[in-house]
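I opened the model and went through the fold, the core, the salt bridges and the surface. My entries follow.

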Amino acid sequence: LKELIKQLDKVYLMPEIAITSMLCINYLVDNNPRYHSTICKTGGLAKIVQLTQNIEYIDLAENAIKCIEKLSLECPYNILEADGFNAILSLIDFFDNNLRKSALKS
């Protein structure tokens with residue numbers, strides 16, 4: 001997992017590797033909940049939050065958003081500390097209207 005997180009830094013050099021790494025991280029988070037804390041402890045969450053702002057590679061940003069959603073169930077405070085909430089809100093224009101309404105009502 002630590003090597004996959006390191007590969008996220010290569011988004012501008014080799015975006016295919018970063019996208020594949022993000023897909024692998026999503027798969028690992030889906031199948032093993034103990035990886036949630038590992039991602040947070042190794043600084044991977046900050047990198048994933050940063051990838052949401054990279055709309056140049058929209059596939060990577062979408063997978064980063066999915067990963068943050070999965071991590072929010074186990075470690076919501078870490079997401080707040082990594083400024084993940086603001087990162088997701090800055091992308092609210094890309095979500096459908098029903099999701100916007102429900103997010104703004106809360």
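**Contacts and overall form**

I began with contacts (heavy atoms within 4.5 Å). Of those in the protein with a separation of 6 or more, 60% join residues 24 or more positions apart.

I noted the ground rules next. This is a predicted model, in which local features need pLDDT of at least 70 and side-chain atom pairs count only at pLDDT 80 or more, while totals for chains, interfaces and linings use all residues. Residues are numbered from 1 along each chain as its sequence is written, and side-chain values use heavy atoms, with hydrogens and water left out.

I then looked up the secondary structure. Helices (H or I, at least four residues) and strands (E, at least two) are DSSP runs, numbered from the N terminus. The protein has eight helices and zero strands. The order from the N terminus is α-α-α-α-α-α-α-α.

I checked the dimensions. Along the principal axes, the C-alpha atoms fill a box of roughly 40 × 30 × 25 Å. The radius of gyration is taken over C-alpha atoms, and the globule rule is 2.2 Å times the number of residues to the power 0.38. For 106 residues a compact globule would come out near 13 Å, and the protein agrees, with 13 Å.

I looked up accessible area, which comes from the Shrake-Rupley method with a 1.4 Å probe; for residues, only the protein chains shown count as cover. The protein exposes about 6,700 Å², and carbon and sulfur atoms hold 56% of this. I sorted residues by relative accessible area: buried is under 20%, exposed is over 50%, and partly exposed is in between (1.4 Å probe, protein chains only). Of the 106 residues, 34% are buried.

**The core**

I searched for nonpolar cores, meaning sets of buried Ala, Val, Leu, Ile, Met, Phe, Trp, Tyr and Cys residues joined through side-chain atoms within 4.5 Å. The largest has 21 residues, and M22, I25, I39, I48 and L71 touch the most other members. Two or more residues each come from α2 (15-31), α3 (35-41), α4 (44-52) and α5 (58-71). Helix α5 gives the most, with five residues. In soluble globular proteins, nonpolar side chains tend to be buried together.

I asked what I48 is in contact with, leaving aside neighbours within four places in sequence. The list for I48 is L8, M22, I25, I39, A64, C67 and I68.

I took L60 next, in helix α5. Is L60 buried or exposed? With a relative accessible area of 0%, L60 is buried. Beyond four places in sequence, L60 contacts V11, A18, I19, M22 and L51. I also checked L60 against E16: they are 44 residues apart in sequence, yet their C-alpha atoms are 9.2 Å apart.

I looked at Q7 in helix α1 as well. Q7 counts as buried, at 18% relative accessibility. Leaving out neighbours within four places, Q7 is in contact with I17, A18 and S21.

**Salt bridges**

I searched the whole structure for salt bridges (a side-chain nitrogen of Lys or Arg within 4 Å of a carboxyl oxygen of Asp or Glu). I found three. Side chains of opposite charge can pair when their charged atoms come close.

- K6 pairs with E3, with the closest N and O atoms 3.3 Å apart. They are three residues apart in helix α1 (residues 2-7), so about one helical turn separates them. K6 is partly exposed at 47%, and E3 is partly exposed at 48%.
- D9 pairs with K47, with the closest N and O atoms 3.0 Å apart. D9 lies in the loop between α1 and α2 and K47 in helix α4, so the pair ties together parts 38 residues apart in sequence. K47 is partly exposed at 22%.
- D30 pairs with K70, at 3.2 Å from N to O. This pair links distant parts of the chain, with D30 in helix α2 and K70 in helix α5, 40 residues apart. K70 is partly exposed at 21%.

**A surface patch**

I looked for patches last. They are made of residues with over 30% relative accessible area and no salt bridge, with like charges joined within 9 Å and nonpolar side chains (Val, Leu, Ile, Met, Phe, Trp, Tyr) within 5 Å. Y77, L80, F85 and L89 make a nonpolar patch of about 460 Å². Helices α6 (76-81) and α7 (84-89) each give two or more residues to the patch. I checked L80, which sits in helix α6. L80 counts as exposed, at 52% relative accessibility.
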